Structures are given as structure tokens and as C-alpha cells.
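Have the structure open while you read.

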Amino acid sequence: MDSQPILWLCHPLQAGEPESHPTPREHAEALLLACCYLPPSFLAGPGQRVGMLAEAARTLEKLGDRRTLHDCQQMIIKLGSGTTVTSG
């Protein structure tokens, strides 16, 4: 994994509830959602969004999720061209 801190979206644990960790698919989807919806001020630097997408793409490729991988790759291309990445 990358050494950069990654923003985690989670719910608070209830008393006695075991700590859960996201599956690789959930982690990849969380990265994609963060890239789509978090404003730039929430990210450490301009390259962090691309790094998050690259990590998601590697995971999706390992999982064999070609459709979501394609979506992720399109987001990376849009970032490279200087356009804003949004859902849709």
C-alpha cells in the first residue's frame, strides 16, 4: 500500500461491536467515491487524487472488475487532461 494517508469513511463502532475492515472491493469503491465527491481542499496534494485512482485501478484489475476498472481509467484520463472528475 502507499505510504500516504488515505481518508477512511466509516461509522463509529458501538460498544462490543467487533472492528471491521473493508474488503478490497469496498476499499476500491471508497477511493473512487472520494475522488468523485471530495473537494480538492480535503486532499493533501494535487497528485493524491491520481494516486488514489491508481490504487483503486490496481485492486479492480486484481478482482477482475473490468467495468469499474474502465470507469476508473476514464477518471484518470480526465484528470490528466485537466478536466474535473465528477460522477456521471
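## A buried alanine and its surroundings

At 0% relative accessibility, Ala28 counts as buried, a label for anything under 20% relative accessible area, with exposed meaning over 50% and partly exposed in between (1.4 Å probe, protein chains only). A quick word on the ground rules: this is a predicted model, where local features need pLDDT of at least 70 and side-chain atom pairs count only at pLDDT 80 or more, while totals for chains, interfaces and linings use all residues. Residues are numbered from 1 along each chain as its sequence is written, and side-chain values use heavy atoms, leaving out hydrogens and water.

Ala28 sits in helix H1. Helices here are DSSP runs of H or I with at least four residues, strands are runs of E with at least two, and the numbering goes from the N terminus. Leaving aside residues up to four places away in sequence, Ala28 touches Ala56, Thr59 and Leu60, where a contact means heavy atoms within 4.5 Å. Ala28 and Ala56 are 28 residues apart in sequence, yet their C-alpha atoms are 4.4 Å apart in space. Glu26 is also part of H1, but at 44% relative accessibility Glu26 counts as partly exposed.

| Pair | Apart in sequence | C-alpha to C-alpha distance |
|---|---|---|
| Ala28 and Ala56 | 28 residues | 4.4 Å |
| Glu26 and Ala56 | 30 residues | 9.9 Å |
| Leu60 and Cys72 | 12 residues | 8.9 Å |

### The overall layout

Zooming out, the chain has three helices and zero strands, so the order from the N terminus is simply α-α-α. Buried residues account for 28% of the 88 residues in the chain. Of the contacts between residues at least 6 apart in sequence, 52% join residues at least 24 apart.

H1 has 14 residues and reaches 20 Å from its first C-alpha to its last, close to the 20 Å expected at 1.5 Å a residue. That expected span is 1.5 Å times one less than the number of residues. The buried residues of H1 are His27, Ala28, Leu31, Leu32, Ala34, Cys35 and Cys36, and what covers them includes H2 and H3. An α-helix has 3.6 residues a turn, so residues three or four places apart point the same way.

H2 covers residues 48-63, and its 16 residues should span 22 Å; the end C-alpha atoms are 23 Å apart, which agrees. Its buried residues are Gln48, Arg49, Met52, Leu53, Glu55, Ala56, Ala57, Thr59 and Leu60. They pack against helix H1 (24-37) and helix H3 (66-80). Just after H2, Gly64 takes a positive phi of about 80 degrees.

Leu60 is worth a click. This H2 residue is buried, with a relative accessible area of 1%. Not counting residues up to four places away in sequence, Leu60 touches Ala28, Leu32, Asp65, Thr68, Leu69 and Cys72.

### How H1 meets H3

Two packed helices are described by the angle between their axes and the distance between the axes. For H1 and H3, the axes come within 12 Å and cross at roughly 35 degrees. Axes are lines fitted to C-alpha atoms, for helices over the stretch in contact, with angles running from 0 to 180 degrees between N-to-C directions. The crossing is left-handed, the term for a near helix turned anticlockwise from the far one by less than a right angle.

Which residues in H1 meet H3? Leu32, Cys35 and Cys36 do, and on the H3 side they meet Thr68, Cys72 and Met75.

### Why no disulfides?

A disulfide is a pair of cysteine sulfur atoms within 2.5 Å, and by this rule the count comes to zero. The sulfur of Cys36 is 7.0 Å from the closest cysteine sulfur, in Cys35, so that pair is too far for a bond. The sulfur of Cys72 also has Cys35 as the place of its closest cysteine sulfur, at 7.5 Å, again too far for a bond. As for burial, Cys36 is buried at 16% relative accessible area, and Cys72 is buried at 0%.
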